[in-house]
Amino acid sequence: MHRSAAKRLLHSSFFYANQTSPIRTIAAPRFRFRFLASTTPEPNDFNTRTSSSSTLGDRPSHTSTTSTPRANYEEEQARVLAASLHHVIRLGWTEAAMIAGARDVRVSPSIVGAIPRKEAALVEYFMDECLQKLIDKIDSGELQLLDLVASERIAKLIKVRLQMQAPYISKWPQALSIQAQPSNISTSFKQRAMLVDEFWHASNDEGSGVDWYLKRTVVGGIYSTTEIYMLTDNSTDFEDTWIFLKERVRDAFDLKKTFQEVKYFAEAVGAGLGSSLQGFAKKS
Amino acid sequence: MSVRMVARRLGSKLLPRFAPAATLHSHATSFGFKEVNEEEKSQLVGNVFTKVASNYDIMNDLMSGGLHRLWKDRLVSKLSPFPGMKHLDVAGGTGDVAFRILETINSVNRRAKEDTREDDLQEETQIYVCDINPNMLNVGKKRAQERGLGDLGSLVWVEGDAEKLTFKDDSMDGYTIAFGIRNVTHIGKVLAEAYRVLKKGGRFLCLELSHVDTPVFKQLYDYYSFSVIPVVGELVAGDRDSYQYLVESVRRFPPQEVFASMIADAGFQKVEYENLVGGVVAIHSGLKI
């Protein structure tokens, strides 16, 4: 149930990401949209999808191979963004990359003009893609998380997620700066929150209350610092980054133990103090 | 300029609150507040623009207080032109929008950031300016020369009818119509033609005078339209009637929501509109997929 909630949030976040400007395209849910889209009575088929990743709506649905003349513009947009990622390494997270991507899928580059917050849409699409890939990897069991201790699990998940960014590392600072812009920050924050939630969920976290927020904040911090460390890491296969990551995770778990010990110590002191005060009071 | 943007995904279930030419007799249409035969309308509009062509730009400046330049800038920035684009500007007689698009594509700012591959594409950029009135086109050609854009192969001046374009299907990346669509006889046909010539992923953008709803401002705007503009037309261009036609045709044009539904009916997706100056002007946009 938790997982499907994350998936639903994932799709709505991508959808939402394209709606944070004052122009609100009040779109009906997808199947109804398709029903209304055609002025002729024939039913609309699903469009062919080139990737299995975060397109809107019915994720588990299967595609027919016929392409409809009335394909959904959101699907086309997703196709264009997917194709644009290939150009990001060369052109950066820019309109130029999106125009090149549109040319690749044989859609007029004018579609880029219709995408709200253009470069941010590309970055957000990428973030959603990576989260989806991460979820798929966890689900398929290839990470073998059950063999690992909690701290190792978190470290492995963060490593797997950051490795997805490795091909784009030369342009990643640009992506970070795009995410930090005021108009984009709410969406990027939401995406990172979902990511961190996924980390903990995959580690079978059973926290509640303040603990829940604390865990997510701490892992969010570890993730962000490692991400930034990775930007200037020149070692082969980012070895230094993974060492850095392990250290931070270990620190965090040690800190947790430290807090617990402090708590016990305080209780013990308090108990001791209380009894000596009582003794003192009794005497006098 | 207050930008209040509202958009709707409109389908056939939207009930038109105002029925434009639909309620009129099938062979009659409106010329301002007068009712005329359809055949007559294009003749009458033709006469209007033949008369105003030489003073068109000055009158625009006077009537809008220079704001029309900002509106056209906004239109072009929404379009996001790119090198290698094939663009069609309909009813673009004197060339304002076309010049802006070309200048955006060729701007030094853009070229500095460009990929070297795009230089080849620069050559392929074609902006077609289509207008039914040859006088307006001539004024446009002259202005192009003055701006130094005359000898570039990129600007092509075409005389043609928006309801029956001579361009091939799926040939244009963009289609704009600025302050032209209220003058056509059949809006639906123009929209259908726009849909036909656009490529997949192509965008339709329409800049047009539209309806103001905010209470006090509406009265002011009406007063300005009906009392001031025809007088200015008389004084500057010596032609009161043409400008009377103009303000009346604005009132006759469908309001924003209805026009948006007409665009959606033509097959466009992601139909949105943006009001400028509280609704005096609206930019409608649609995407062909």
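**Aromatic rings in close-up**

**View 1. A:W212 is partly exposed, with 31% relative accessible area.** Buried means under 20% relative accessible area, exposed over 50% and partly exposed in between, using a 1.4 Å probe and protein chains only. The model is predicted: local features need pLDDT of at least 70 and side-chain atom pairs count only at pLDDT 80 or more, whereas totals for chains, interfaces and linings use all residues. Residues are numbered from 1 along each chain as its sequence is written, chains are lettered from A and ligands numbered from 1 in the order in which they are written, and side-chain values use heavy atoms, leaving out hydrogens and water. Over all chains, 17 aromatic pairs are found (rings of Phe, Tyr and Trp, the latter by its six-membered ring, with centres within 6.5 Å; planes under 30 degrees apart are stacked, over 60 edge-to-face, the rest tilted). The planes of A:W212 and A:Y213 meet at 80° with ring centres 5.1 Å apart, so this pair is edge-to-face. A:Y213 is exposed, at 57% relative accessibility.

**View 2. B:F33 and B:F226 are stacked, with 6.1 Å between centres and 25° between planes.** B:F33 lies in the loop between β2 (28–31) and β3 (34–37) of chain B, and B:F226 in helix α9 (residues 215–237) of chain B, so the pair ties together parts 193 residues apart in sequence. Helices (H or I, at least four residues) and strands (E, at least two) are DSSP runs, numbered from the N terminus. B:F33 is partly exposed at 44%, and B:F226 is partly exposed at 28%.

**View 3. A:W93, A:F126, A:Y168 and A:W172 are linked by ring pairs into a cluster.**

**View 4. The charged end of A:K215 sits over the ring of A:W200, 5.2 Å from its centre.** This requires NZ of Lys or CZ of Arg within 6 Å of the ring centre and within 35 degrees of the ring normal. In chain B, B:K288 lies over the face of B:Y195, 4.7 Å from the ring centre.
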